[in-house]
Amino acid sequence: MRIDVGVLTLVGLVAVGHAGAAQVRPLPPHPDLSGAWVTNSTDDLAYSPFGARFTVNQDASTVTITADRETVTYTLDNSESVRTTSTVTGASWRRSSRARFVTAALVVTTRIDAGATGHWEDLFIVSLDRPGEVTVVASNAVKSMEPGMVTRVFNYRKAQ
């Protein structure tokens with residue numbers, strides 16, 4: 001049986017090329033979202049999870065977000081963080097949140113148990129778009145008899 005050396009060389013080069021392409025790049029480190037952030041617009045700010053401005057303090061295991069409404073600390077290992085809030089009518093709602101980074105975006109899901117009112121889950125993403133700019137995507141359950149989610153996008157820049 002005769003084997004062509006040229007064919008073997010070509011097969012070898014293709015195999016080596018594919019083996020190199022299959023290597024996985026390591027994930028980049030999580031971004032540091034620390035600092036004060038202010039909105040670029042005033043549209044629909046009533047629906048933003050943070051309002052017109054918010055502050056982030058971050059370390060290796062937690063991120064704390066302070067906004068007009070409250071200060072919340074999330075653990076970044078996707079474990080549950082629980083807090084109780086009060087509505088304007090005085091009702092207590094239990095909020096169970098989980099947070100983690102997905103590449104350069106902080107993803108937070110919060111399950112709200114509102115007692116007799118019901119329960120639902122909301123989501124927000126804080127995405128570092130480029131240095132000094134973040135986009136916040138908020139997807140909230142519709143608080144009516146109609147099922148569904150309302151998703152809004154908010155842009156913020158780092159405060160000077």
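By class, how many nonpolar, polar and charged residues does the lining of the largest pocket have? Let's walk up to that through the sheet. This is a predicted model, in which local features need pLDDT of at least 70 and side-chain atom pairs count only at pLDDT 80 or more, while totals for chains, interfaces and linings use all residues. Residues are numbered from 1 along each chain as its sequence is written, and side-chain values use heavy atoms, with hydrogens and water left out.

Start with the open sheet: 10 strands, antiparallel in their pairing, in the order β4-β3-β2-β1-β10-β9-β8-β7-β6-β5. Strands here are DSSP runs of E with at least two residues, numbered from the N terminus, and two of them pair if DSSP finds at least two bridges between them. β4 (71-75) and β5 (80-86) sit at the edges with a single partner strand each, so one side of each has no neighbour in the sheet. On average, neighbouring strands are turned by 25° against each other, direction ignored; the angle is taken between lines fitted to C-alpha atoms, on a scale from 0 to 180 degrees between N-to-C directions.

β5 and β6 pair in the antiparallel sense over 7 bridges, and R83 has R95 as its bridge partner in β6. The two strands make a hairpin with 5 residues between them, and G90 in the turn has a positive phi of about 95°.

R83 also has a salt bridge to E70 (3.4 Å, N to O); the term means a side-chain nitrogen of Lys or Arg within 4 Å of a carboxyl oxygen of Asp or Glu. E70 lies in the loop between β3 and β4 and R83 in β5, so the pair ties together parts 13 residues apart in sequence. R83 counts as buried because its relative accessibility is 18%, whereas E70, at 31%, is partly exposed. Buried means under 20% relative accessible area, exposed over 50%, and partly exposed in between (1.4 Å probe, protein chains only).

Back to the largest pocket, with a volume of about 880 Å³. It is lined by 30 residues, and P49, R69, R95, D122 and N140 lie nearest its centre. β8 gives the most to this lining, with 4 residues. As for the opening question, the lining has 17 nonpolar, 6 polar and 7 charged residues.

A pocket is an open set of points on a 1 Å grid over the protein atoms alone, where a 1.4 Å probe fits, with protein on both sides within 12 Å along at least five of seven lines; lining residues have an atom within 4 Å of a point.

How values were computed
Grid points are joined across faces, edges and corners, and a volume is the space filled by probe spheres set on the points. Ala, Val, Leu, Ile, Met, Phe, Trp, Tyr, Cys and Pro count as nonpolar, Asp, Glu, Lys and Arg as charged, and the others, Gly among them, as polar.
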